[in-house]
Amino acid sequence: MFAPIRTTAPDATPVTLEEAKAHLRVDHEDDNTLITSLIEAATAHLDGWTGILGRCLVTQSWRQDFCGWPASRTLRLPFPDVSAATVKYFDGDNISRDVADEMVAVLADARGSYIRFSDAFIYPGLCDDRGDRLQVTFISGYGDMTAVPLAIKTAIFLLVGNWYANREAVTAHAALVLPMAVDALLAPYRKVGV
C-alpha cells in the first residue's frame, strides 16, 4: 500500500486563535502570528497521516492508491471516520474509469474504515504499466471544527500553552516534558490495530 496523499486540506484548525488566546490569557495582538503557528504545529502533531492519532480531525480529502483488485473484495483505508469514497481504476489502455457508486460500500470496524466491493462487481482488467492502478478518494474527519472531541481540543490547548510558555527545548538544564494530561486526553482517540 502506498502512503496516502492529502488532496484537500481542512478549512480550519480544531481550535481558533481566539480560543487559544483565551486559554493563554493573552489579550494583545503582538503574538497572534506565534500563537497561530503553535496551533498549526499542535494540529499537525495530531492530525492526518503523520499525526500521532492516526486519524483526521477536521474534515479533509485524501487519496489512497493500490496496485490491484483485492482478493477479499475489501480495501483497508488508512483512517477511521470516512464519510464518503469514490474509486477509479486505470484499464488495460491506461484510461481512467470510475467504479459505479452502487458497487462500493464504505464500512467501518474496530480497525477503522474500509471499502467493500459488491459481489455483483466484476473486476475489470488493469493497466500493467503503473503502480497506482486503483485510486480511492475519500473524505475523513469528525466534521467541522465544532465536531472535534473536546478532549482533543483540550490537548491542543495544553500543547499550545506549554510551547508558548516554554519556547526552548531545554530550560534550566532540564528537558521539558509535555503536560501529563495530553497523553491521557488523547489515548482514547488513537487509532490502533486490532
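**Exercise 1. Over the ring of which residue does the charged end of Arg130 sit?**

Solution. Keep in mind that this is a predicted model.
- Start at the charged end of Arg130 and look for the ring below: that ring belongs to Phe90.
- Now check the distance. The charged end is 3.5 Å from the centre of the Phe90 ring, and the cut-off for sitting over a ring is within 6 Å.
- Arg73 gives you another case: its charged end sits over the ring of Tyr123, 4.7 Å from the centre.

**Exercise 2. Work out what kind of aromatic pair Trp69 and Phe121 form, and which parts of the chain they tie together.**

Solution. 
- Begin with the whole structure, where a search turns up 9 aromatic pairs.
- Pick out Trp69 and Phe121: their ring centres are 5.4 Å apart, with 70° between the planes.
- Planes over 60 degrees apart count as edge-to-face, so the Trp69–Phe121 pair goes in that class.
- As for solvent, both Trp69 and Phe121 are buried.

**Exercise 3. Classify the Phe117–Tyr123 pair, then decide for each partner: buried or exposed, or partly exposed?**

Solution. 
- Phe117 has 0% relative accessibility, so it counts as buried.
- Tyr123 comes out at 26% relative accessible area, so it is partly exposed.
- To finish, zoom out: ring pairs link Phe117 and Tyr123 with Trp69, Tyr89 and Phe121 into a cluster.

**Exercise 4. Find Gln135 and say what its side chain contacts.**

Solution. 
- Go to strand E8, where Gln135 lies.
- With a relative accessible area of 6%, Gln135 is under the 20% cut-off and therefore buried.
- Follow its side chain to the side chain of Asp132: the two make a polar contact at 2.9 Å.

**Exercise 5. Describe the largest pocket: what is its volume, and how many residues line it?**

Solution. 
- The volume is about 210 Å³.
- Count the lining and you get 15 residues, with Arg6, Pro10, Thr43, Ala44 and Asp47 nearest the centre.
- Sort the lining by type: 8 residues are nonpolar, 4 polar and 3 charged.

Notes. Residues numbered from 1 in each chain as written. Predicted model: local features only at pLDDT ≥ 70, side-chain atom pairs only at ≥ 80, totals over all residues. Heavy atoms only, no water. 1 Å grid on protein atoms, 1.4 Å probe; cavity = no way out; pocket = protein on both sides within 12 Å on 5 of 7 lines; lining within 4 Å. Points joined across faces, edges and corners; volume = space filled by probe spheres on them. Nonpolar A, V, L, I, M, F, W, Y, C, P; charged D, E, K, R; others polar. Phe/Tyr/Trp six-rings, centres within 6.5 Å; stacked < 30°, edge-to-face > 60°. Helix = DSSP H or I, 4+ residues; strand = E, 2+ residues; numbered from the N terminus. Buried < 20%, exposed > 50% of the residue type's maximum accessible area, 1.4 Å probe, protein only. Lys NZ or Arg CZ within 6 Å of the ring centre and 35° of its normal. Polar contact = N/O pair within 3.5 Å; in protein donor to acceptor, adjacent residues only side chain to side chain.
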